[in-house]
Amino acid sequence: MTTERTIRGGPASARGYRSLRHGPGEEVVVRTDLGPAGDVLGTPLITIAHLSDLHVCDAQSPARAEFLDRWADPDSPVRDDLDEVGCYRAQELLTAQVAEAMVSAVNEAAVGPVTRFPIDLAIVTGDNTDNAQANELAWYVALLEGGDVCPDSGDRARWEGVGGLSPDERFWHPETAGLDLPQLRYGFPAVPGLSDAARAPFRAAGLDMPWLAVHGNHDRLVQGTIPGAGGLDAVAVGAVKAIAVPDHWTNDVIIHVAVGLERCDPTALATLMREVRTQPVTADPGRRLISRQEFVDAHFGAASRPAGHGFTSSNRANGTTYYRHDHGRVTMLVVDTVNEHGGWQGSLDTDQLAWLDSELRAADADRRYAVLASHHPLHTLVNDATGPASAPRVLADQLDQVIAGHASVVLWLNGHTHHTAVRPHRTWWEVTAPSLIDWPQQGRLVELLHGPDGLTVATTMLDHAGPAPWDGSIDSPHALAGLSRELSANHWQERDHSLEQHPRSGTAADRNVLLRLPNPWAAPPQ
């Protein structure tokens, strides 16, 4: 638990690469933005393990575009013209092992650290998969439910991802010393045998408690941005992988394509698919792109607890991915903020807004405590892309106005940004979890407490079970998770600050906190 022990950066090598070490526990910050501090925290209404952005990744998939990520490298001439690209990370071949290590940490924690009451349920707030592929979906469900996981695709006898397939110096080649810029410029290690170890099958433990699922943009859209149409499904299951853009592309062309892809401009996608350089790989039908319906259906296995992991028979019948889940006096309302028309930021459809307003009216009438959950935070609901005959999308201001009309809302859990954050909103708190693919690779334990002085949301950051420092071993999922955390701490695009001040980690006021707020109901729950 991070209140007892933290993971921090160790001494840097000559090239700036840092191993990790343990440090003292973090302070607990009491935030009184919305309500006064109280002497008695009270008892839990619900205790939640909050995970987000697992990005369980088929790192060998032809439908990925790792070569685009170099445009955000420190020496890129167009870096300042682009938002974060996020198409390649050295640690992306180890996402299944990180998820396994986080499941182990949640199971070991077992109780909320503030009240010592058992964790009631876990929730995974979207981007559970990385590229909306069927094999990634199966791996993620098996990792959380428990079962056999084999994070491999294509040729089962060799690695066909960019770190082995392409001699490109921008990609980390762990099997060979001194071949690439990550090693020569940034001090990354050589790790012989890593590509085989990353693809090795293992038996996932599964969460010991029920868990709920949330739909994220990477669970629906290719690279979290582009609808799976226009031949992209054929690319995903095919035998050709894009590895580079043409040498003759100018900076203007690069910016046009990068910005166009973010905006789902079909001309940018067509330019990329027409001119990109490729290499052959082994085709795999398991990489097919999934629909929203398939995402829902995958959660109704024999081992699901609760049945459907929150999704209902109505969701299966009408293809929606929003639902209500009750626990005691708490109503959890899970919202789907993915815009199926494309784009990595979020929004809602009008039917869903009407459903949410109705559910909140019911929660108000029954004097319940409403906890919202979605993939996108409120401020990222800016994606107004629509189809030819579709209604306008519901954006942040409109949704905020609806929430403001309901006293029952006390908390909103989300992810998406890969940053740890806590934001106050009038009478409720918004708590954003970091990702499991980028530093700090943490989850949260969230306790909603009812006391004589009002409500408290207690959040405590949780490290996964991978070792720190990484000991050089690659013989188990936990060992590989420890390596992944170290690689994420050394990402060359994010070295402008000390690890202790990393922007993805948030400040002390975003991490281990006691968030005070008034009780919307005069009488205590019965």
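This is a predicted model: local features need pLDDT of at least 70, side-chain atom pairs count only at pLDDT 80 or more; totals for chains, interfaces and linings use all residues.
**Helix 2**

Select residues 134–145, which form helix 2. The helix has twelve residues and reaches 17 Å from its first C-alpha to its last, close to the 16 Å expected at 1.5 Å a residue.

Colour the selection by accessibility. Helix 2 is mostly covered, with eleven of its twelve residues buried. Among the buried residues are the charged side chains of Glu-136 and Glu-145, along with Asn-135, Trp-139 and Tyr-140. Ala-134, Leu-137, Val-141, Ala-142, Leu-143 and Leu-144 are also buried.

Next, show what lies against these residues. The cover includes two helices, helix 1 (95–109) and helix 9 (292–297). Strand 5 (121–124), strand 6 (147–149), strand 7 (202–204) and strand 8 (211–213) are also part of the cover.

Then step past the end of the helix to Gly-146. Just after helix 2, this glycine takes a positive phi of about 100°.

**The largest pocket**

Move to Leu-68, Val-85, Cys-87, Gln-223 and Thr-225, the lining residues that lie nearest the centre of the largest pocket. The pocket has a volume of about 1,000 Å³, and 46 residues line it.

To see which elements contribute two or more lining residues, select helix 6 (232–237), strand 9 (240–244), helix 7 (251–262) and helix 8 (266–275). Helix 7 gives the most, with four residues.

Finally, colour the lining by residue class: 23 residues are nonpolar, 13 polar and ten charged.

Methods: Residues are numbered from 1 along each chain as its sequence is written. Side-chain values use heavy atoms; hydrogens and water are left out. On a 1 Å grid over the protein atoms alone, a cavity is a set of points where a 1.4 Å probe fits but cannot get out, and a pocket is an open set with protein on both sides within 12 Å along at least five of seven lines; lining residues have an atom within 4 Å of a point. Grid points are joined across faces, edges and corners, and a volume is the space filled by probe spheres set on the points. The expected span of a helix is 1.5 Å times one less than its number of residues. Buried means under 20% relative accessible area, exposed over 50%, partly exposed in between (1.4 Å probe, protein chains only). Contact means heavy atoms within 4.5 Å.
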